[in-house]
Amino acid sequence: MDIKAATKFLNSIPITEVGRHLGLKLPEHGGVRCPFPDHRDSNPSFSIYRKQNRWICYGCGRQGGSIDLVKEVLGTSFIEAVRHQRP
Ligand SMILES: [Zn+2]
């Protein structure tokens, strides 16, 4: 699988499932405290949009899809994040 196909595949994995893989407990949909280690969130600023399979943190301003979640949690580059989960 090339990077482009891997990217498409990985971004189709539900955010919640990716979170589980990373050891995070994320809801299927809705708000939760930001899971990123460098954001100490006292409110549930982190929202998950199941339909779009996207997330956004209104506290630290970061947003993205499944790969971006891996990228932010592990602190890796986009390519590394793709490789990390590459099937
Ligand atoms: Zn945040």
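User: Are Phe46 and Trp55 buried or exposed?

Analyst: This is a predicted model. In it, Phe46 and Trp55 are both buried.

User: What makes Trp55 count as buried?

Analyst: Its relative accessibility is 1%. Buried means under 20%, so Trp55 counts as buried.

User: Why is the pair of Phe36 and Trp55 called edge-to-face?

Analyst: The ring centres of Phe36 and Trp55 are 5.3 Å apart, and pairing needs centres within 6.5 Å. Their planes stand at 70°. Over 60 degrees counts as edge-to-face, so that is the label for this pair.

User: Why is the pair of Phe46 and Trp55 called stacked?

Analyst: Here the planes are at 15°. Planes under 30 degrees apart count as stacked, so the rings of Phe46 and Trp55 are a stacked pair. Phe36, Phe46 and Trp55 form one aromatic cluster.

User: Which residues coordinate the zinc ion?

Analyst: Cys34 (SG), His39 (ND1), Cys57 (SG) and Cys60 (SG) do, at 2.0 to 2.3 Å.

User: What makes the site of the zinc ion tetrahedral?

Analyst: The angles among its four donor atoms run from 94 to 130°. Tetrahedral requires all angles between 85 and 135 degrees, so the site of the zinc ion is tetrahedral.

User: Why is Cys34 called buried, and why is Cys60 called partly exposed?

Analyst: Cys34 has a relative accessible area of 9%. Buried is under 20%, so Cys34 is buried. Cys60 has 28%.

Methods: Residues are numbered from 1 along each chain as its sequence is written. This is a predicted model: local features need pLDDT of at least 70, side-chain atom pairs count only at pLDDT 80 or more; totals for chains, interfaces and linings use all residues. Side-chain values use heavy atoms; hydrogens and water are left out. Rings of Phe, Tyr and Trp (its six-membered ring) pair if their centres lie within 6.5 Å; planes under 30 degrees apart count as stacked, over 60 as edge-to-face and the rest as tilted. Buried means under 20% relative accessible area, exposed over 50%, partly exposed in between (1.4 Å probe, protein chains only). Donors are N, O and S atoms within 2.8 Å of the metal (3.2 Å for Na, K and Ca); water is not among the atoms, so sites may look incomplete. Four donors count as tetrahedral if all angles lie between 85 and 135 degrees; four count as square planar and six as octahedral if opposite donors are over 155 degrees apart and all others between 65 and 115; anything else is irregular.
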